[in-house]
Amino acid sequence: MEKNISKVIFLDIDGVLNNFDSPEENREIIDMNMVLRLKRIVDASGAKIVLTSSWRLFFHSWQELRGERISGHYKKLMTAFEKCGLSVYGVTDELSYGPDSRPEEISEWLKNHPDIKSFVILDDSSWNWGMLSDHAVTTRRKAPSSENGWRSGLEDGNADRAIEILSNE
């Protein structure tokens with residue numbers, strides 16, 4: 001891993017890079033429009049991506065096997081990232097379960113990387129963010145026009161907000 005990074009995007013996948021609120025037959029495992037919005041955030045901020053999603057469990061296998069015998073979904077994610085020139089810098093450790101697990105995992109990662117000056121959390125869930133709440137961009141919102149009343153996924157407004165947060169060092 002590179003040294004001296006100062007900005008990080010803590011990235012969930014489901015509900016951020018896809019819309020899992022849409023009917024199953026219309027779902028894309030990875031929506032390239034959402035990946036391109038993520039790329040816009042990375043390009044504007046210079047931030048590195050750290051996976052917080054359960055998809056992180058495949059990260060080390062992907063590095064070791066370069067896509068051989070890896071989950072088809074994760075392979076689609078990495079292929080989309082490679083097409084856009086994106087890469088995963090690292091992953092958070094799985095520490096616990098429950099409503100505080102993701103905030104705890106991010107806090108622990110930040111504690112182990114004291115050089116981070118700015119970070120944003122892209123997630124579709126409303127975790128108990130606590131002191132991290134000013135850094136969280138939630139990608140799930142009410143959408144009366146959708147079948148279940150919800151819509152998720154990274155939109156332009158989310159990307160703009162993430163860039164704004166990352167600009168505040």
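Where do Lys39 and Asp43 lie, and how many residues apart are they?

1. Both lie in helix 1, four residues apart, which is about one turn of the helix. (Helices are DSSP runs of H or I with at least four residues, strands are runs of E with at least two, and both are numbered from the N terminus.) A quick word on the model: it is predicted, so local features need pLDDT of at least 70 and side-chain atom pairs count only at pLDDT 80 or more, while totals for chains, interfaces and linings use all residues. Residues are numbered from 1 along each chain as its sequence is written, and side-chain values use heavy atoms, with hydrogens and water left out.

2. The side chains of Lys39 and Asp43 form a salt bridge, 3.2 Å from N to O. (That term means a side-chain nitrogen of Lys or Arg within 4 Å of a carboxyl oxygen of Asp or Glu.) Lys39 is partly exposed at 23% relative accessibility, whereas Asp43 is exposed at 53%. (Buried is under 20% relative accessible area, exposed is over 50%, and partly exposed is in between, using a 1.4 Å probe and protein chains only.)

3. Now look at Arg102 and Asp12, whose side chains meet in a salt bridge at 3.4 Å, N to O. This pair links distant parts of the chain, 90 residues apart: Arg102 sits in helix 4 (residues 101–111), and Asp12 in the loop between strand 1 (7–11) and helix 1 (32–45). Arg102 is buried at 10%, and Asp12 is buried at 6%.

4. Searching the whole structure turns up eight salt bridges. Another one pairs Lys111 with Glu108, both in helix 4 and three residues apart.
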